[in-house]
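Student: Hi! Could you walk me through this one? I'm new to it.
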Amino acid sequence: GRISSFRVTLHAVMSLFRNQYDNDVSVWSPQGRIHQIEYAKEAVKQGAAAVGLKSKTHAVIVAVKRASSELSAYQKKLHPIDDHIGIAVAGLASDGRLLSKFMRTECLNSKYAYNRRLPVSRLVAAVGNKMQYQTQIYGRRPYGVGLLVAGYDEAGPHIFETCPSANYYDCRAMAIGARSQSGRTYLEKKLSDISDCTLEQLVYHGLRALRETLPTETELSTKNCSIGIVGKDQDFTILDDDNVEPYLVALEQTERETAPETATEEMSEADTRTAESADVEAEEMPVAEEDQPPAAEQMDVLQ
């Protein structure tokens, strides 16, 4: 009697926390949603942030590395694919490694069969097709990882974003991962300046956007930051550890130089607002009685 009642209670409790439409990726909800894909997107949002942006000549990806504990090394976030392509991952790192291996194979097949580099858009389309297959077969699960693909081909530099839903987007700049909305907000403000940037300025904007995604007590350092660069006459290169330090130092120097200018501009804007408010108050002040015309003259004016 007690065992059966316990089983009934346990089943009732489990039913409260279980959605009958999220048991498999091939099941649609009445609202037209596939919950397994939405859960996979949440896994991407839990991953460490990554930022990608491009100018007319280069594409840059920067990422924050995490360590599972103080005793372990930092997790690798950037993966080289070919001489002209690299990726940044956010989400389940093991899924990212699997997809990076698939992308390398596709690039090698293109070189072997056609003796040419695989265009970036075609590679991203192949990845999207592979990810989509996981979303319609019973017993499979979506890849719980988002990718930022940076590349350079005959069409110029590229930044692509892929999602667990198998959608992919050609972007001018993008941020994915935890607290990535702050990074996207910064990129939106600077979007008009990014296309004409030099390589150093492009890396600077990428690091600034990446820093916006960090918690207040965390700072960018040579240990937790990686930079990937690809562009015209430059193969994809990953900068880690001491190779990142010159860019971080330049970032701090630039901010120290621009800080006084920003403060001066804010002070001048505040003075302008104060002067305008004083003018408005002066216009609204009533005329003194001795300065007002006599009552008869006032009547003449009103008439």
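Tutor: Happy to. A salt bridge here is a side-chain nitrogen of Lys or Arg within 4 Å of a carboxyl oxygen of Asp or Glu. This is a predicted model, where local features need pLDDT of at least 70, side-chain atom pairs count only at pLDDT 80 or more, and totals for chains, interfaces and linings use all residues. Residues are numbered from 1 along each chain as its sequence is written, and side-chain values use heavy atoms, with hydrogens and water left out.

Student: How many salt bridges does the structure hold?
Tutor: Eleven. One of them joins Lys 56 and Asp 196, whose closest N and O atoms are 3.1 Å apart. Lys 56 sits in the loop between E1 and strand E2 (58–64) and Asp 196 in the loop between helix H5 (180–194) and helix H6 (199–212), so this pair ties together parts 140 residues apart in sequence. Helices (H or I, at least four residues) and strands (E, at least two) are DSSP runs, numbered from the N terminus.

Student: Is Lys 56 buried or exposed?
Tutor: Exposed, at 60% relative accessibility. Buried means under 20% relative accessible area, exposed over 50%, and partly exposed in between (1.4 Å probe, protein chains only).

Student: Switching to H2, which of its residues are buried?
Tutor: His 35, Ile 37, Ala 40 and Val 44. They pack against strand E4 (85–91) and strand E5 (145–153), with contact meaning heavy atoms within 4.5 Å.

Student: And what does Lys 45 meet in a salt bridge?
Tutor: The side chain of Glu 42, at 3.5 Å, N to O.
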